[in-house]
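Colleague: Hi! Could you walk me through this model, one piece at a time?
Modeller: Happy to, here it comes.

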Amino acid sequence: MENISLEFQNGVYGLLAPNGAGKTTLIKMLTTLIFPTKGQILYDGVEISQLDEAYRDVLGYLPQDFGYYRNYSPMQFLGYIAALKGIDGSTAKRKALQLLELVALTEVKDKKMRKFSGGMIQRVGIAQAMLNDPKILILDEPTAGLDPKERVRFRNLIAGLAEDRTVILSTHIVSDIESIAHQVIMFKDHTLLCCDSPEALRGDRFANLEEVFMHIYDEAGIA
Amino acid sequence: MNIVGHELKKILLFPALIGFVVLALALNIAIVSTMCNSYANFIANATRTTGVHLGTAFNEAALQLESGLYTDTFRLHTSNVVDVLYGYDTRYIADFAVEWRGLSGLNERLMRWKYARFQYAVDARQQAGDSMTVYFANITYMRHQALFNYTMGALLFQGIILAALIMLLSIGYENSATTEYVVFTTKTGRKVNRHKLLAGTIAGVGVYAVLAIVTLTVYFAFNPMGGTWGSNVSSGFNLVRDGFMARPFVTWHSLNVAQYLMAFLAVSLGIVLCFSFMAYAVGLWVRNSYIGFLLIIALNGVLYLLPIYSPFHMLSFAVNQSPIWLVLMRDMWFTDGGNNIILPHFETVGVMGSLAVLVVIGMFSAAGFKRRNLL
């Protein structure tokens, strides 16, 4: 990634770019999985690597390939992640039950996850990311593998979560963010192309964000 | 449940681990149950009456033993015993070691220094009458080997394999479950490896303890020690055999069989810890547990071959105190260690030194992992 300067406030930010454009790399930097060779990532004015666990304490992350323990139930898995997030046992249990209800998994909370569908697993992923009530929620390709019905439900869920936090949602599916993103960030050749509201990006020229996307990346020959 | 508890649960629920432990126990029980020796059982029982210190009182008590299949043999081998440590001169061993290995200069001086010091231990064992204890009389070497070389050796090999595997499975768990990104971005983050280290260590030591307790309980049920517990392992009947000579088994400190077993278990535990820490360091660099295990085998293979092919004696002497060599030289623990060893108390120095080195390597590995890009 080169020459990227972004500032995030509360709301949903859609990272929109074709595969390989650098979305996941940026997200891995934001989640401290990889480190920039140049430049800084600041949270409240402080370098995130300096903040270390104080930064990760306000972070919730659903990776692109969300891994889970196949022999664990959602409750067991959330219990473990809660321990890693420094949440005490009783709070963790209460919070896990609340979140499983939010993502409509209460009925299967004690069932082993090995038999879950892709959509159910993604919902467990959302629940684990939300356990610490994060100020920054980062979702990397969260709708991958979901059927259209689940995708709609997922969008609604994200929109609801974004009221009092920053949600950064990476996707290459335009419809995922069109209706819920406050800002859309686009990359091209590993550099920042634009960061604006969907309305501003559409302007008078395009009917929807998909047309903007096709226009920008068709020009570059990569869409 | 705290993080260590969660990590322990993850380790202990590994089906392969449970299978390995059950197999190891079955193998150990099968092996130790075939080690029965009726003459040894007779001696274990007889020494309750005779005591363990050879001499007139012992002979008189032996005469009072009820006549049986082994009584005469026992009396024959325990009467008129010559103290093998009387006049025993360790300079001959030093001369042989120097000549055998072609040592010169500092290496020769150190080897001779070790045996000069060892002479004091030999004299002390002789003066204390340790060498004039019965142990298992004329079958002492066989019985000592059965317990301390074969049984404890099997336990040690199983212990180090399991300790390394457990630690690698623990450190590599998130990689195999593809949960690294979720786990390392939590508040605990990469510090979870500290919890994994603790859990892996507890599990490694715990599994070794379970194996040892069950195996030794079965061993002593089939092979009771009776009065021989109080006999000294530096008994004149005991021997050390290595590549270049058989000689009396003499320990640096006076140790009866019970004390020797405890000391042996302590060193074994230290070696198990060494392999845990080795696996921790390797696991931080190689996130795949099975590749990590192959790397540990390769690493120990190199450590095994190094002293054999190295032209530098000092390097060989140093590597001979590495964990894998300590395992291979277990039948000489607490003795002079022969011509492969240049320092007194090689097993204790080796374990402590290896642990210190591995802790430092582990700390460097952890520091490296903290700043590594997780792609």
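**Chat about the model**

Modeller: Leaving out residues up to four places away in sequence, Cys274(B) touches Pro323(B), Val351(B), Ser354(B), Leu355(B) and Leu358(B). Two residues are in contact if their C-beta atoms, placed from the backbone, lie within 7 Å.

Modeller: A word on the source: this is a predicted model, where local features need pLDDT of at least 70 and side-chain atom pairs count only at pLDDT 80 or more, while totals for chains, interfaces and linings use all residues. Residues are numbered from 1 along each chain as its sequence is written, and chains are lettered from A and ligands numbered from 1 in the order in which they are written.

Colleague: Is Cys274(B) buried or exposed?
Modeller: Cys274(B) is buried, because 26 other C-beta atoms lie within 10 Å. The cut-offs are 20 or more such atoms within 10 Å for buried, 12 or fewer for exposed, and partly exposed in between.

Colleague: Which helix is Cys274(B) found in?
Modeller: Cys274(B) is in helix α12 of chain B. Helices here are DSSP runs (H or I, at least four residues), and strands are E runs of at least two, numbered from the N terminus.

Colleague: And how does α12(B) pack with α16(B)?
Modeller: Helix α12 (residues 257-285) and helix α16 (residues 346-370) of chain B pack at an angle of about 20°, with their axes 9 Å apart. The axes are lines fitted to C-alpha atoms over the stretch in contact, and angles run from 0 to 180 degrees between N-to-C directions. α12(B) and α16(B) are therefore roughly parallel to each other, a label for angles under 35 degrees.

Colleague: What residue classes make up that contact of α12(B) with α16(B)?
Modeller: The contact has 17 nonpolar, five polar and one charged residues. Ala, Val, Leu, Ile, Met, Phe, Trp, Tyr, Cys and Pro count as nonpolar, Asp, Glu, Lys and Arg as charged, and the others, Gly among them, as polar.

Colleague: Switching topic, how many residues of chain A are in contact with chain B?
Modeller: 25 residues of chain A are in contact with 21 residues of chain B. On the chain A side, α4(A) gives the largest share, five residues. That side divides into 13 nonpolar, seven polar and five charged residues.

Colleague: Last one: what domains does chain A have?
Modeller: The domain assignment gives domain 1 (1-58 + 135-223) and domain 2 (70-133). Their centres, taken over C-alpha atoms, are separated by 25 Å.

Terms used. Angles under 35 degrees count as roughly parallel, over 145 as roughly antiparallel, 65 to 115 as roughly perpendicular and the rest as oblique. Domain bounds come from an automatic or database domain assignment.
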